[in-house]
Amino acid sequence: MSSGSHHPNLETLAGRIEAGTGVKLAHCYQCGKCAAGCPVGDEMDLPPCQVFRLLQLGFPELDEKVLRSEGIWLCLACETCSSRCPQEVEIPKVMDFIRGEALKRGIAHPKSKDILSFHRAFLDSIEYTGRLYEVGLVADYKMRSRHLLKDVMLAPKMYLKGKLGLFPHLIKNRSGMKTLFKRTVGKG
Amino acid sequence: MSRIGVFTCHCGENIGATVDCAKVSEMCQHIPGVVHSVDYKYMCSDPGQRMMQEAIKEHSLDGVVVAACSPRMHEPTFRRAVSNAGVNPYMCEMANLREHCSWVHEKSEATTQKAADLIRVLVEKVKHNTPLFPIKVPVTKTAMVVGGGVAGIQVALDIANGGHKVILVEKSPSIGGHMSQLSETFPTLDCSQCILTPRMVEAAQHPNITLMTYSEVEKVDGFIGNFKVTVRKKARKLDEKLCTGCGLCIQKCPNKKISDEFNEGLGTRTAIYVPFPQAVPNKPVIDTLNCTFYKTGKCKVCEKVCPTNAIRFEQEDELVTLDIGAIVLATGFKLMKTEAFPEYGYGKHKDIIDGMQFERLASASGPTAGVMKRPSDGKEPETVVFIACSGSRDRSKGVPYCSKVCCMYTAKHAMLYKHKVHSGKAYVFYMDIRASGKDYDEFVRRAIEEDDVKYIRGRVSKIYEEDGKLIVKGADTLMGGEQVEIKADMVVLATAVQSNDRSEELAQTLHVSYDTYGFFAEAHPKLRPVETNTGGIFLAGACQAPRDIPESVAQASAAAAKVLGLFSQDQLTREPIVAVVNRQAGPTFSYCVGCFLCQTACPYQAIEQEHITARNGDVIKTIARINPGLCQGCGTCVATCRTKAIDLQGFSNEQLYAEIMTL
């Protein structure tokens, strides 16, 4: 007989996270293995375990601290953390969910703009070519982020090494991909 | 002149590879008093022992030195062999050529010489040995268990089921102890009373168990197998034989506002009372401190209503002396009070309660019938904070140790609260979660994961009242020490488990040791956990250290097994390695001058005074006498004695000087 455990309380962020991702924040027992193995952990203002700790208590001011943090935007969703987590918590899912929550509330960290631009450019590339098209992605990202000249000097070297194909490799069923995007985008 | 045989063992390669055993054997033949000396590969083997026994007969040996391993290893073996050949076993000594010589030296001439020297020393000792005989002590096959909690009940039942008489002494009016106060038990959440009360009844009805409730141990004399225990039966102020337990007196008692100990002050009781409805025995006692009759001389309502005329206002305490063979201490613990916490309001706030009080609040038989109502105004608390390690692991409170049960019962409390108040919020402040036991960690995780109890790692620094709320100020060390403030309606302190009141006094009465915190000391922390240093006295439950129910019960059965082992023999046989006070003819009678320094030095309280009297009964001299039943042969008294009047049998001054002088 546990109290309300099977019906997440949608008034709290923790409850919405559980409803949206199936992840129960209470499962995290703060061992820190996620933070220890995170490839970008050093760059994060809040390492993954801290994100969880702050959300666990269910205090609105602590929730907001997480939503405003930069760290949640740095998560690469590489899943190193979740594949090692002793409590089998799917951390990247939660990271993704709270990024969405931060955007909805309009309190996302300023750095999120560039990262979001990159995500959008990435998805554009997939939508139109069905694959990752590096040159298109770079151009798209630069237009969106307006960092036009940043890292430009790397391009010739990468080209010479064959890392930048000038033309996209298209997949056969591009209209299928379009349908897929049409059906999913905006329904998340 | 002695006829001593020396038997040198090679111990395979152990001795033989380093010491030239044949040469040692040859050298020993020339020691005065030695009439036979041989060496052999394995002296402890059957042929080795037979060889020794044949030599004893053939050469009419009256003493034997076996030069082999440590006496810890094979002294009993060789003494038995010697005894079977008709020589007193205490005429056999062992020279330790293995641990003291071959294992610690290189192979050399000097090593062989040392081996010969070790044997020479013991040959000199054997020359001064006297035949000794094991001491026989009778055993009274009745056990006394002090304390009627779950541990005491278990000990009593196990001994009683083993076929021996048990006297179960309990200081309060009913057996049951702390366990009878608990609501539900971790990690299964089964009802405490439901599992305990059948045991209480079983103990009361067992033909081998005599309950002595409302009684305390006053005095203990004697020694293992032969204790004389004086018990004070406090006056219940009623004739137990006549009382039927109808409860009419309790109903009619006009004095109803007395703070109820069983409900930890959260309820009230009458002046004539039983602690709780399921009490065993279900016979009331009169609380003379609060009874109107004892205060004003008037009332006697209980006497008037009693249908069997069982009330006895004039009844006095009674002292009973019992013959007891073994004693098991199971006197339990007490909880630190909330008064001990200035930072948490000195216990002045009614809604800051301790763990046992919460148990009563959550208990179906408690003052609120199990409904969550806070003590101050009876409202249902919406937010409850539980603080683990309240006073435990806290040097400043004098309790540096872990109280062991609080992690688990705090998780249980938070869980019970959430089960009773679904919309309520439960916070637990903790330092570490120590949940090492079968299904224990899973239980704590259940509280966190399924019952949504918020665990915050950190200690609460302060609690104060503001606008009808208790402001709990803590910090979350898992968030880098970020301050956390919770507005609570009730706070439960998991206060430290401490040794029971007057446990040190009881330990002194029984001559058992106790630690700095008043817990009774076990004889060995690992290998003799339920024995004390005093023979025949055993320990069970939380009187030895904080314990939970499964551990207390396990320890109780272990103590019962020790008692049953002791009672399996009609007489105790003890090694005669005990101290004796010199006696001789008058007018000296003894070197002992009666200073009794030995009495203060003896760690086993084995030394008593003996009066030497003339024929007309006049005391001529008072000297020390050592009780061979209690003496453990440590030799402290021998070293303390100014007049060299005490000797340790088997290690007399004469024997030791002989050993030293030969070197």
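1. Terms for helix packing. Axes are lines fitted to C-alpha atoms, for helices over the stretch in contact, and angles run from 0 to 180 degrees between N-to-C directions. Helices (H or I, at least four residues) and strands (E, at least two) are DSSP runs, numbered from the N terminus.

2. Basis. This is a predicted model, in which local features need pLDDT of at least 70 and side-chain atom pairs count only at pLDDT 80 or more, while totals for chains, interfaces and linings use all residues. Residues are numbered from 1 along each chain as its sequence is written, chains are lettered from A in the order in which they are written, and side-chain values use heavy atoms, with hydrogens and water left out.

3. Chain A. The chain has 11 helices and zero strands. Its C-alpha atoms fill a box of roughly 60 × 35 × 30 Å along the principal axes.

4. Helix pair in chain A. Helix α3 (residues 48–56) of chain A packs on helix α7 (residues 91–105) of chain A at an angle of about 65°, and the axes are 11 Å apart. The crossing of α3(A) and α7(A) is left-handed (the near helix is turned anticlockwise from the far one by less than a right angle; clockwise would be right-handed). P48(A), V51(A), F52(A) and L55(A) of α3(A) make the contact with I91(A), V94(A), M95(A) and I98(A) of α7(A), where contact means heavy atoms within 4.5 Å. These residues divide into eight nonpolar, no polar and no charged. In this classification Ala, Val, Leu, Ile, Met, Phe, Trp, Tyr, Cys and Pro count as nonpolar, Asp, Glu, Lys and Arg as charged, and the others, Gly among them, as polar.

5. Helix pair in chain B. Helix α13 (residues 406–420) of chain B and helix α14 (residues 440–449) of chain B have axes 9 Å apart and an angle of about 35°. Their crossing is also left-handed. On α13(B) the residues are M408(B), A411(B), K412(B) and M415(B); they meet Y440(B), F443(B), V444(B), R446(B) and A447(B) of α14(B). Here the division is seven nonpolar, no polar and two charged.

6. Extent of the interface. Chain B contributes 20 residues to the contact and chain A 19 residues. About 1,600 Å² is buried between the chains, with carbon and sulfur atoms giving 52%; buried area is the accessible area (1.4 Å probe) that two parts lose on being put together, summed over both. On the chain B side, E449(B), L478(B) and M479(B) lose the most area to chain A, together 34% of what that side buries.

7. D476(B) and R53(A) form a salt bridge at 2.7 Å, N to O. At least two residues of the chain B side come from each of α13, α14, β23 (454–457) and β26 (482–488). β23(B) gives the most, with four residues. The chain B side divides into eight nonpolar, three polar and nine charged residues.

8. Backbone points to check. Most residues other than glycine have a negative phi, and most peptide bonds are trans. The V280(B) to P281(B) bond is cis, with omega near 0°, and P281(B) lies in the loop between β15 (272–273) and β16 (285–286) of chain B. G586(B) and P587(B) are also joined by a cis peptide bond, with omega about 5°. K300(B) has a positive phi near 50° and sits in the loop between α10 (292–296) and α11 (301–305) of chain B.

How values were computed. Salt bridge = Lys/Arg side-chain N within 4 Å of Asp/Glu carboxyl O.
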